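This report walks through the side-chain contacts and packing of one protein model. Keep the structure open while reading.

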Amino acid sequence: MSVVAPPVAGTWRIGHGRRRGRSGIADDGRHWAPKWRRLMSLAGAGGSGPPGSFDEFDRTVRGMLNRISAENACRLLPLDPSLRSISAAQDGCGDSPPWWAARFAALMLASYLQVIHTNRCARGLAMRSADNVLPAYLDAVAPLLARSPRLVDALAAWFARLLRLQDLCWPTARLVLLAAGEQRDRSTLPPHSLGRLPAELLRGRVLRFLVPPGLPASISEGPLDGPPAGLCTCWDSEDGRRDAAAVLAHILLFAPAASWPRLSAFAFYVIEAALSGDSVQQEGRIYLGASVLVAVAQRLESPPVESSITAARVDGEGGGSSSSIGETGAGRSIGGTVGSCSGPAATNSMGAATFKPPSRSRAQRTDLGALGRMANLLEDRLSELKPGSCNGDAEINGFVRSRAQAAIERVQRAREKLCPSLE
């Protein structure tokens, strides 16, 4: 049964910005740079803390989302780090403050979820078509995603909330926390016990690979009528989570190459969390795992062709390829908060955070290996739910099973196509 989500306060009206653009209202970047700087002047703690009220921030971001297109993105987006952070050029990070990235991501997702909710065809099949406008919207914001690792992490953190990944990973995370708080002499514990490991290793390193990204308290615990609360409340249903899975699939397919290492790490985490463990909600978890799996396979098989603006180096100089962020998808931790930027970071001439990219063949080989393991995990889960098996009473419906089978076949085609070229 389709559930119509109640409107979020101030949600984006699809197509509104295009009508304004045709009517002759200017969208020159000179009119937008002062707006972004004013938002920084209203922020607390010298620009690093959130403002007392998000009203003007929300109006500015929604106004930009109403007008943005691939043609005017370089003029409307706050690509210069100084438009997102007062101390960007001095503190050596060169990225958006955590509160800025989290709030911006919430407003983005609220808009994109409305697009998917009004287009059931786009929810079922993530591809470019005349009826699916979401790829064009993602092309427009791609330059900012390529320059802001924190914004990518914030999107992952909101997806973790929308898809309730905390509920899926909590049993394992609780086991690690209990081991870290072990009071007995570690030398007396069995050799296989997690409690033998140092507590700082379990909490600081191991746990980061088991929990989804977090959000700043100032955003996640904001006012009840704000976009964060509305985002999680309006889509807190099985139908809403399928909309969220479709938006995630679109982002995985059409995001810029610079953000792929971070996104692939989160995607593999989502697949494994959805398909591991026992739960009565088998159907929803298999649908989520299959939807993300097929998007990753499609991305690896046919990477998107990027525009010259997005494909340019993060420092804005012509030519070159995008700088990859972090490590390869299957080998990077996704835990921590939006404010953390892991990886061998450096600072370029504009103060933006850049990262040394891994070789393309090595990254692709790692992703394909993880992709194959996730497909095997999905196949094992399907075999457990066949009629006559020990879990036959929990059999899933034909639609979800066919979607899972299509994901497995897509992974096989991708591996057959790409593996020979990597040998």
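## Salt bridges

The model is predicted. It holds 9 salt bridges. Side chains of opposite charge can pair when their charged atoms come close.

Glu56 is partly exposed at 23% relative accessibility. Arg38 is partly exposed too, at 43%. For Glu56, the cut-off matters: buried means under 20% relative accessible area.

## Two further charged pairs

Arg184 and Glu182 join in a salt bridge, 2.8 Å from N to O. Arg184 is exposed, with 54% relative accessibility. Exposed means over 50%, so that value falls in the exposed class. Glu182 is partly exposed at 22%.

Glu238 pairs with Arg241, and here the closest N and O atoms lie 3.8 Å apart. The cut-off for a salt bridge is 4 Å, so the pair still counts. Both residues sit in helix H13 (residues 238–254). They are 3 residues apart, about one turn of the helix. Glu238 is partly exposed, at 36% relative accessible area. Arg241 is buried, at 15%.

## Aromatic pairs and a cluster

How many aromatic pairs does a search of the whole structure find? The count is 8. One of them joins Trp32 and Trp36. Their ring centres are 6.4 Å apart and their planes meet at 35°, so the pair is tilted. A stacked pair would need planes under 30 degrees apart. Trp32 is buried, with 4% relative accessibility. Trp36 is buried as well, at 1%.

Both tryptophans belong to one aromatic cluster. Its members are Trp32, Trp36, Phe54, Phe57, Trp99, Trp100 and Phe104.

## Charges over rings

The charged end of Lys35 sits over the ring of Trp32, 4.1 Å from the ring centre. Arg103 places its charged end over the ring of Phe54, also 4.1 Å from the centre.

## Nonpolar cores

In soluble globular proteins, nonpolar side chains tend to be buried together. The largest nonpolar core in this model has 102 residues. Which residues have the most contacts inside it? They are Phe104 and Leu378. Helix H5 (residues 98–117) gives the most to this core, with 14 residues. Phe104 is also listed in the aromatic cluster.

Leu378 touches Leu275, Ile286, Ala290, Leu293, Ala404, Ala407 and Ile408. That list leaves out residues up to four places away in sequence. A second core is separate and has 7 residues. Ala173, Val176, Ala199 and Leu207 are among them.

## A backbone exception

Arg164 is not a glycine, yet its phi is positive, at about 55°. Where does Arg164 lie? Its place is the loop between helix H8 (149–162) and helix H9 (165–180). Arg164 is partly exposed, at 37% relative accessibility.

## Cysteines

The disulfide count is 0. For a disulfide, two cysteine sulfur atoms must lie within 2.5 Å. Cys74 is partly exposed, at 39% relative accessibility. Cys419 is partly exposed also, with a relative accessible area of 22%.

## The chain as a whole

The protein chain has 18 helices and 2 strands. It comprises 423 residues, and buried residues make up 52% of them.

Contacts can also be sorted by sequence separation. Take those in the protein chain between residues at least 6 apart in sequence: 78% of them join residues at least 24 apart.

How values were computed:
Residues are numbered from 1 along each chain as its sequence is written. This is a predicted model: local features need pLDDT of at least 70, side-chain atom pairs count only at pLDDT 80 or more; totals for chains, interfaces and linings use all residues. Side-chain values use heavy atoms; hydrogens and water are left out. A salt bridge is a side-chain nitrogen of Lys or Arg within 4 Å of a carboxyl oxygen of Asp or Glu. Buried means under 20% relative accessible area, exposed over 50%, partly exposed in between (1.4 Å probe, protein chains only). Helices (H or I, at least four residues) and strands (E, at least two) are DSSP runs, numbered from the N terminus. Rings of Phe, Tyr and Trp (its six-membered ring) pair if their centres lie within 6.5 Å; planes under 30 degrees apart count as stacked, over 60 as edge-to-face and the rest as tilted. A charge sits over a ring if NZ of Lys or CZ of Arg is within 6 Å of the ring centre and within 35 degrees of the ring normal. A nonpolar core is a set of buried Ala, Val, Leu, Ile, Met, Phe, Trp, Tyr and Cys residues joined through side-chain atoms within 4.5 Å. Contact means heavy atoms within 4.5 Å.
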